[in-house]
Amino acid sequence: VLSGRLDRADAGAGPTAEPAVAVRQKGTHMHDMQLDSEQVAATAAEAFVFGYPLVLMALTRDQMTAVSTPDGVQAPVNHFGHTREYQDASPRGLVGPNADTLYSSAWLDLSAEPVVLSVPDTAGRYYLMPMLDAWTNVFSSPGSRTTGNGPGQFGIVGPHWRDPLPDGVRKIRSPTNMAWIIGRVQASGPNDYEAARIVQDGLRLTPLSQLGRRERPPHPASVDPDVDLATKPVDQVSRMPPVVFFGMLAKLLVDNPCRAADQPMVDRMAGVGIRPGEPLDWSTLDEPTREALERGTRQGLATVVAEGRTPRGELRNGWTLSYDLGEYGTYYARRAGVAWVGLGANHAEDAVYGLSRTDSDRQPYTGRHRYVLHFETGAVPPVRAFWSLTMYDEQQRFVPNPINRYAIGDRDDLRFNPNGSLDIHIQHDPPGRGREPNWLPAPQDAFNLVLRMYWPERTILSRAWSPPAVRRVR
């Protein structure tokens with residue numbers, strides 16, 4: 001669905017037309033509307049795809065903030081939680097982690113007042129603080145690329161805040177009252193953790209009304225006992241009946257308004273009784289309407305999953321490269337599909353990722369063979385920060401190996417060839433003959449590779465540079 005919309009069926013006038021159903025909503029001034037069931041189902045499918053990221057974000061926030069004090073990346077609202085080391089190869093570990101940065105995560109509630117983000121002098125260490133609105137669009141990204149490595153204060157204000165901020169506090173307007181900071185601080189391996197943690201410890205979030213007052217230890221936050229901590233948010237959404245999903249969507253729309261470009265979609269949702277602050281009243285709907293809404297919800301979920309499973313980047317030399325993440329406009333299916341795969345995608349200006357599942361002969365990778373990624377002289381990834389090549393198994397987890405190396409890149413002690421070119425050896429067994437510094441260990445069976453390029457140069461963003469294909473050598 002390239003436009004992110006599902007075409008609504010025409011009602012038709014002949015004997016094969018669907019029976020009309022009445023969509024009524026208590027407590028509103030909406031006139032009764034006669035829509036056939038196909039129109040209701042199609043609109044419900046559109047609304048599901050449109051609202052999917054917002055609902056998923058809220059459920060993720062609820063899980064990640066359901067702690068009284070910070071615990072890893074979990075933390076109460078308006079507080080940072082930090083990872084202090086890389087993910088290991090545990091089967092219970094995160095899916096698709098990186099071995100490049102330590103994470104600092106915070107969920108913001110801007111409905112009462114702004115929150116001031118204070119960052120320390122990072123002493124030249126690369127960092128970024130991308131901020132996602134409730135719809136998963138990155139609306140700002142303070143950090144080395146945009147604001148430099150010096151200290152600073154950023155006042156993050158909600159969509160309706162109009163008062164001035166104190167001198168020296170740079171204003172960042174969030175389009176929604178719910179926002180998520182997914183900070184990343186460069187860490188060049190375990191020996192670099194301590195220095196990276198100093199930067200993390202210098203990050204502060206302060207309500208505007210408390211700015212300038214003496215900092216006090218935070219009181220333990222209350223935890224909502226009704227939050228489902230056992231079920232992944234994506235699974236929670238997939239199991240929601242329409243009345244729950246659309247009711248949650250209507251509630252979230254109040255504090256997290258749509259953009260002006262979304263008005264046509266908002267108008268279509270209103271046609272089936274889905275309005276900001278007005279939960280769908282299931283008891284007032286007749287059976288054909290209920291069935292149509294249920295069918296449309298199933299269609300919408302199928303669209304989200306299909307979009308998420310379909311690579312949408314550009315295929316270059318066996319690498320799928322994504323240049324359009326972090327901002328989706330009215331491409332609602334793309335936005336929802338990326339959210340389904342994994343929340344938190346960066347703008348391309350901050351990072352471009354390449355995924356490779358096949359070698360230069362278009363054959364799937366397997367640890368039964370040996371491969372080489374060869375960069376010609378002067379043709380390593382052109383970046384302002386750093387690049388890395390990460391190994392994942394079929395479950396998108398790190399691969400256990402005898403040297404505990406999950407990624408390799410320009411921060412490692414790589415050995416270049418005499419002519420200045422570079423070979424990365426990708427295989428299960430050690431490559432021998434002094435090649436171990438350039439060895440990326442693979443599992444015995446299937447795997448895939450992700451090339452991460454932080455703060456890419458213009459040659460990457462303009463598509464002038466692409467990674468070379470990975471060759472099978474044995």
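Ala, Val, Leu, Ile, Met, Phe, Trp, Tyr, Cys and Pro are counted here as nonpolar, Asp, Glu, Lys and Arg as charged, and the others, Gly among them, as polar. The structure is a predicted model, in which local features need pLDDT of at least 70 and side-chain atom pairs count only at pLDDT 80 or more, whereas totals for chains, interfaces and linings use all residues. Residues are numbered from 1 along each chain as its sequence is written, and side-chain values use heavy atoms, with hydrogens and water left out.

The chain contains eight helices and 22 strands, taken as DSSP runs numbered from the N terminus (helices: H or I, at least four residues; strands: E, at least two). Its radius of gyration is 25 Å, close to the 23 Å given by the globule rule for 474 residues, so the chain is as compact as a globular protein of that length. The radius is taken over C-alpha atoms, and the rule is 2.2 Å times the number of residues to the power 0.38. Along the principal axes, the C-alpha atoms fill a box of roughly 80 × 65 × 40 Å.

Of the 474 residues, 52% are buried (under 20% relative accessible area; exposed is over 50% and partly exposed in between, with a 1.4 Å probe and protein chains only). Contacts (heavy atoms within 4.5 Å) between residues at least 6 apart in sequence join residues at least 24 apart in 74% of cases.

A search of the whole structure for cavities of 30 Å³ or more returned two. A cavity is a set of points, on a 1 Å grid over the protein atoms alone, where a 1.4 Å probe fits but cannot get out; lining residues have an atom within 4 Å of a point. Grid points are joined across faces, edges and corners, and a volume is the space filled by probe spheres set on the points. The largest cavity has a volume of about 40 Å³. Its lining consists of L132, T136, Y328, R335, V338, A339, G342, L343, G344 and A345. By class these are six nonpolar, three polar and one charged residues. Helix α7 (residues 332-341) contributes the most to this lining, with three residues.

Most residues other than glycine have a negative phi. N78, which is not a glycine, has a positive phi of about 65°. N78 is placed in the loop between α1 (37-64) and β3 (81-82) and is buried, with a relative accessible area of 18%. N404 also has a positive phi, near 50°. N404 lies in the loop between β17 (387-393) and β18 (407-409) and is exposed, at a relative accessible area of 55%.

Key:
1 Å grid on protein atoms, 1.4 Å probe; cavity = no way out; pocket = protein on both sides within 12 Å on 5 of 7 lines; lining within 4 Å.
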